[in-house]
Amino acid sequence: MKILLTNDFYEDFGGAGQVFNNTALLLEKHGHQVIKFVIVEGKISEENNLFCFVKPKKRLSLWLTKFFNFRLFIKVYLLFKREKPDVVHCHSNYLSPLSIILAAKFQKIPVVQTLHDFNLACMSSWGVRKDKNATCLKVAGLRCLKNKCVSRGEFLRNFFAWGVR
């Protein structure tokens, strides 16, 4: 089976990066063909079965392309068309999630998304109320500020980066 793995970062530190790389090694060990697609800060050399997209450096560009990045969509659409993966497995897909998912959907490629944290639902990404040191059972938003899970600055940064959830 040909599997295309995606991740927002190429670095091997942190849980998501380690799981991304360990998953690739395990799949290859079991005879699958693995292609990696990563979003990087600057230029790195694309190797055999490693493809990259350089994320925008300007904050405004990052904010405007938070959910959909047309350049990223075109790059992965053409990659999917050329490589013809059987499945796309997304890890840490926060930097333009719709771009990769829609490119796969248009080519009728199934997508699997591994969630490594609470980042899609929690502004602090921990899923823990800091005021009570207990699991947060509500969907995030203004409660994050009220429960002191994030500071005002963090709340405003997250609000403009993600929108109110």
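Which residues are linked in a network of salt bridges? Lys 2, Arg 82 and Glu 83 form this network, a salt bridge being a side-chain nitrogen of Lys or Arg within 4 Å of a carboxyl oxygen of Asp or Glu. The model is predicted: local features need pLDDT of at least 70, side-chain atom pairs count only at pLDDT 80 or more, and totals for chains, interfaces and linings use all residues. Residues are numbered from 1 along each chain as its sequence is written, and side-chain values use heavy atoms, with hydrogens and water left out. Helices (H or I, at least four residues) and strands (E, at least two) are DSSP runs, numbered from the N terminus. Buried denotes under 20% relative accessible area, exposed over 50%, and partly exposed the range in between (1.4 Å probe, protein chains only).

**Salt bridges**

- The structure contains two salt bridges.
- One of them joins Lys 2 to Glu 83, with the closest N and O atoms 3.7 Å apart.
- This pair connects distant parts of the chain, since Lys 2 belongs to strand E1 and Glu 83 to helix H3, 81 residues apart.
- Both partners fall in the buried class: Lys 2 has a relative accessibility of 18%, and Glu 83 has 14%.
- Glu 83 also meets the side chain of Arg 82 in a salt bridge, at 3.5 Å from N to O.
- Arg 82 is exposed, its relative accessible area being 52%.

- Strand E1 covers residues 2–7, and six of its six residues are buried, so the strand is largely enclosed by the rest of the structure.
- In a regular strand the side chains alternate between the two faces of the sheet.
- In E1 both faces are covered, with Lys 2, Leu 4 and Thr 6 buried on one side and Ile 3, Leu 5 and Asn 7 buried on the other.
- E1 pairs with strand E4 (residues 87–90) in the parallel sense over four bridges; two strands pair if DSSP finds at least two bridges between them.
- Within E4, Val 87 is the bridge partner of Ile 3.
- Val 34 is located in strand E2 (residues 33–40) and is buried at 3% relative accessibility.
- The C-alpha atoms of Val 34 and Leu 4 are separated by 5.8 Å, although the two residues are 30 residues apart along the chain.
- Thr 23 is part of helix H1 (residues 15–29) and is buried, with a relative accessible area of 18%.
- Neighbours within four places in sequence aside, Thr 23 is in contact with Leu 5, His 89 and His 91, where contact means heavy atoms within 4.5 Å.

**Aromatic pairs**

- Rings of Phe, Tyr and Trp (its six-membered ring) pair if their centres lie within 6.5 Å; planes under 30 degrees apart count as stacked, over 60 as edge-to-face and the rest as tilted.
- By this rule there are three aromatic pairs.
- Phe 70 and Phe 73 form a stacked pair, at 6.3 Å centre to centre and 25 degrees between the planes.
- These two residues both lie in helix H3, three residues apart, which is about one turn of the helix.
- Phe 70 is exposed, with a relative accessible area of 55%, whereas Phe 73 is buried at 9%.
- Phe 73 also pairs with Phe 106: the ring centres are 5.8 Å apart and the planes stand at 85 degrees, so this pair is edge-to-face.
- Phe 73 is in helix H3 and Phe 106 in helix H4 (residues 97–106), so the pair ties together parts that are 33 residues apart in sequence.
- Phe 106 is exposed, at 54% relative accessibility.
- Ring pairs join Phe 70, Phe 73, Tyr 77 and Phe 106 into a cluster.

**Nonpolar surface patch**

- Phe 68, Phe 70, Ile 74, Leu 78 and Leu 98 make a nonpolar surface patch of about 450 Å².
- Patches consist of residues with over 30% relative accessible area and no salt bridge; like charges are joined within 9 Å, and nonpolar side chains (Val, Leu, Ile, Met, Phe, Trp, Tyr) within 5 Å.
- Accessible areas come from the Shrake-Rupley method with a 1.4 Å probe, and for residues only the protein chains shown count as cover.
- Helix H3 (residues 70–83) gives the most to this patch, with three residues.
- Leu 78 is placed in helix H3 and is partly exposed, with a relative accessible area of 47%.
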